[in-house]
Amino acid sequence: MPDLWVQVLGAYGALGAVFAVAFVVRGAAIVEPSARGASLGFRAAIVPGAIVLWPYLVVRWLRAPARAPHGASR
C-alpha cells in the first residue's frame with residue numbers, strides 16, 4: 001500500500017512539473033495580467049507553487065476570460 005501512495009504522489013508531482021513549465025511561460029500572464037513581463041526570478045519563484053497547486057491553476061487558466069495582448073487596443 002505505501003508503494004501506491006509513492007506512485008500517486010510521484011505522478012501528481014510529474015504532472016505538476018509539466019504543467020508548471022507551461023503555466024510559467026504562458027498561463028501566469030493569462031490568469032493574472034499583472035504577471036505580464038515578469039522577471040525570470042519571479043517566474044522561478046512561482047514554479048514550486050504551480051507544481052503543488054496545478055489542479056486549481058488549471059481551472060483558473062481555463063476560466064480566465066480571453067484578453068487582448070498587452071498594448072493592443074480594443
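The model is predicted, so local features need pLDDT of at least 70, side-chain atom pairs count only at pLDDT 80 or more, and totals for chains, interfaces and linings use all residues. Residues are numbered from 1 along each chain as its sequence is written, and side-chain values use heavy atoms, without hydrogens and water.

**Overall layout**

The protein chain has 3 helices and 0 strands. Helices (H or I, at least four residues) and strands (E, at least two) are DSSP runs, numbered from the N terminus. The order from the N terminus is α-α-α. Of the 74 residues, 20% are buried. Buried means under 20% relative accessible area, exposed over 50%, and partly exposed in between (1.4 Å probe, protein chains only). Among contacts with a separation of 6 or more, 65% join residues 24 or more positions apart. A contact means heavy atoms within 4.5 Å.

**Helix α1 against helix α3**

Helix α1 covers residues 2-31 and helix α3 residues 54-63. Their axes are 9 Å apart, at an angle of about 35°. Axes are lines fitted to C-alpha atoms, for helices over the stretch in contact, and angles run from 0 to 180 degrees between N-to-C directions. The crossing is left-handed: the near helix is turned anticlockwise from the far one by less than a right angle.

The contact residues group by class as follows. Ala, Val, Leu, Ile, Met, Phe, Trp, Tyr, Cys and Pro count as nonpolar, Asp, Glu, Lys and Arg as charged, and the others, Gly among them, as polar.

| Class | Residues in the contact |
|---|---|
| Nonpolar | 12 residues |
| Polar | 2 residues |

**The nonpolar core**

The largest nonpolar core has 9 residues, including Phe19, Phe23, Trp54 and Leu57. Such a core is a set of buried Ala, Val, Leu, Ile, Met, Phe, Trp, Tyr and Cys residues joined through side-chain atoms within 4.5 Å. Helix α1 gives the most, with 5 residues. Leu57 touches Phe19, Phe23, Gly49 and Ala50, leaving aside residues up to four places away in sequence.

**Aromatic rings**

The whole structure holds 4 aromatic pairs. Rings of Phe, Tyr and Trp (its six-membered ring) pair if their centres lie within 6.5 Å; planes under 30 degrees apart count as stacked, over 60 as edge-to-face and the rest as tilted. Tyr12 and Trp54 form a tilted pair, because their planes meet at 45°, with centres 5.6 Å apart. Phe19, Phe23 and Trp61 form one aromatic cluster.
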